[in-house]
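Please take a moment with the sequence and the three-dimensional view below, and then follow the paragraphs that lead through them.

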Amino acid sequence: MFDRNTEMDMTEGPLFKKLVAYAIPIMLTGILQLLFNAADLIVVGRFAGRTALAAVGSTTSLTNLLVNVFMMISIGVSVAVAQHYGAHEPDEVEQTVSTAMFMSVLLGVAVCLIGMGACKPMLKAMGSPDDVIDQSVLYMRIYFTGMPAFMVYNFGASALRAVGDTRRPMQFLTIAGIINVILNVITVVNFKLGVAGVAIATSVSQYISAIFVVLSLVRTESCLHLDIRHMRMHRDKILAILKVGLPAGLQSFVFSISNVVIQSSVNSFGSAVMAGSAASSNVEGFIYTSMNAVVQSTMAFTGQNIGARRFQRIGEIVRKSILLQIIIAGSMAVIGCALSEQLISIYAKGDVESIAWGVSRLRIIGGTYFIMGISDVAVGAMRGMGNSTVPMAISIFGICVLRIVWIYTVFSAYRTFEMLIVSYPVSWIVTLVAQYVCYGIVKRKTVAAMSSGEKSI
């Protein structure tokens, strides 16, 4: 039960061409999502003022802290489905999908309850200014009502992408995003709801995208078919998903903690720096999401080839992915730096002080982001092989711990905004070296183990 009209066999044929074909829809999906998120910031920034922009933008690191540890478990879904698909095991794929969608609902409800209860004390701990915190709390509590749908969409989309179907998740998100933008204008401009209007629009759009992805799984006749009436969790599939997904989630959690610490330092510079940093962060997201599309491609291609025991293709997948990463991230970095002032002005039109701070951040991070992209190719390959623990450990030390140490040493001695932001490229360089050393070790051990008859997942 394989649908060759929507799915892709990644174990045969020219790699670079297929990598590009797979990555572009994911990239466009991410860019569209960021455009819709940017619309949130643009609408509140232009029609509700600086404090509203700061309120929405400054919640990103905290939202990621609460959401990503659960959402990143969907990486385990992608790897498990890809490996079973590559091994031509349709029953295993169907059981994995059933387990994943059941988990997504449970995790979504958990994140909703945790987020709504924890947002205010955590924002206070981050030092959110008095003129921002109430609006931030309101935004986050409404935003978290959409978490069950957010998890369902991401887990379902991960299953679709694992078999090469990257177009339908893009289409679903496009429809939901357009509705999000329309609702932004209606709720903020017409009804003057401010940050609440933006949050309502986001939550509604998440439920729309979730409905689409569930319908696609229910209606398909391929091995991805989801029977809601008999949906249940299979113990071995839970373990397989968590083997890869849980370390990725923990990595994201610790990564987000370091970003929360950095955001707290940003908050200490006042609302102008917060607004500029929020605008820059949103622009940087376009570079990151493009790079992440390549990483997801690396992971899926590695997963299918590991499942099919086509070990000789793994090295080529990594090399071609690095080339694609350099092309994409390099070109976007040049554009981002060259047009930094114009891009930041979109979010904070006429706010000269916020624009200046945003430009400063964008030129430092945007200009060096490609380093992280190349590093993450190795991460994607190791996860595709079923090993998520090693890249987690490296990232926790090389990025999270190093950044926190930087804040309490170098930044503490030279307390400027630029010195704070430099912690990003410094940590990426250290991590890149370590990831590729470990990738070589993990590859040799995985191939040796599977050649002797072991299964990766």
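At what angle do helix α11 and helix α13 pack, and how far apart are their axes? This is a predicted model, in which local features need pLDDT of at least 70 and side-chain atom pairs count only at pLDDT 80 or more, while totals for chains, interfaces and linings use all residues. Residues are numbered from 1 along each chain as its sequence is written, and side-chain values use heavy atoms, with hydrogens and water left out.

Helix α11, residues 271-307, and helix α13, residues 340-347, pack at about 115° with their axes 9 Å apart, where helices are DSSP runs of H or I with at least four residues, numbered from the N terminus, and axes are lines fitted to C-alpha atoms over the stretch in contact, with angles from 0 to 180 degrees between N-to-C directions. The contact (heavy atoms within 4.5 Å) is made by A279, S280, N282, V283 and F286 of α11 together with L343, I344 and Y347 of α13.

Elsewhere, H88 lies in the loop between α4 (74-86) and α5 (90-125) and has a positive phi of about 55° although it is not a glycine. K192, in the loop between α8 (167-190) and α9 (195-219), likewise has a positive phi of about 55° without being a glycine.

Technical notes. Helix = DSSP H or I, 4+ residues; strand = E, 2+ residues; numbered from the N terminus.
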